Amino acid sequence: MRLWTLHPRYLDARGLVACWREALLARQVLAGNTKGYRRHPQLQRFSRTDDPVLAIDTYLAGLLDEARRRSYRFDASRIGTPGLSVASLPVTTGQLEFEKKHLLGKLEKRSPGFIPLLEKTVPLQPHPLFTVEEGEIERWEKLPGTP
């Protein structure tokens, strides 16, 4: 599961669709509708909020906005009440840089046309749910080579 903290504009079509699907799965997990993935590290930032389902719905709304901008047809009825949102969540500069490198590796293989957008944007923009603060890679992140 990868719930990008990078702005969805950086994701290619495959990445945006995958993120939408994974965030919908995360919504089911956070709502207690499934037994799998309950301890997935990517869900920690949503679980720590007062309303985890509203937090993931706010995240999904950001993906939906990007999908609409591209004229994709994502099903808005799959997320909660439109217009409701949570306060922004923090994300570190280190996490954004880590995700940038991770996404660049994926884009090199499947969508090289998205690379210039990601490389030229300084500073990197986060998903609209997040506010950037200085710091290292998030503790919940699974680094290559760690169990």
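Start by selecting G32: just after helix α1, this residue takes a positive phi of about 80°. Helices here are DSSP runs of H or I with at least four residues, strands are E runs of at least two, and both are numbered from the N terminus. Before you go on, note that this is a predicted model, where local features need pLDDT of at least 70 and side-chain atom pairs count only at pLDDT 80 or more, while totals for chains, interfaces and linings use all residues. Residues are numbered from 1 along each chain as its sequence is written, and side-chain values use heavy atoms, with hydrogens and water left out.

Now step back into α1 and select residues 13–30. The end C-alpha atoms are 25 Å apart, which agrees with the 26 Å that 18 residues should span at 1.5 Å a residue; the expected span is 1.5 Å times one less than the number of residues. Colour G15, L16, C19, W20, A23, L24, A26, R27, V29 and L30, which are buried. (Buried is under 20% relative accessible area, exposed is over 50%, and partly exposed is in between, with a 1.4 Å probe and protein chains only.) What lies over them? The cover includes α2 (44–47), α3 (52–69) and α4 (93–110).

Next, pick R70, in the loop between α3 and β1 (89–92). Is R70 buried or exposed? R70 counts as buried because its relative accessible area is 16%. Its side chain reaches the backbone oxygen of P8 at 3.2 Å. Leaving aside residues up to four places away in sequence, R70 touches P8, R9, L11, D12, A13, L16 and F114, where contact means heavy atoms within 4.5 Å.

Move on to S71, in that loop between α3 and β1. S71 is exposed, with a relative accessible area of 62%, and has a positive phi of about 65° although it is not a glycine. Then jump to Y37, in the loop between α1 and α2. Y37 also isn't a glycine, yet has a positive phi of about 65°; at 45% relative accessibility, Y37 counts as partly exposed.

For another stop, select V122 and P123: the peptide bond from one to the other is cis, with omega near -5°. P123 sits in the loop between α5 (115–120) and β2 (130–133).

Finally, zoom out. The protein chain has five helices and two strands, in the pattern α-α-α-β-α-α-β along the sequence. Buried residues make up 45% of its 147 residues. The C-alpha atoms fill a box of roughly 35 × 35 × 25 Å, taken along the principal axes.

Key: A polar contact is a pair of N or O atoms within 3.5 Å; within protein, one must be able to donate a hydrogen and the other to accept it, and residues adjacent in sequence count only if both atoms are side-chain atoms.
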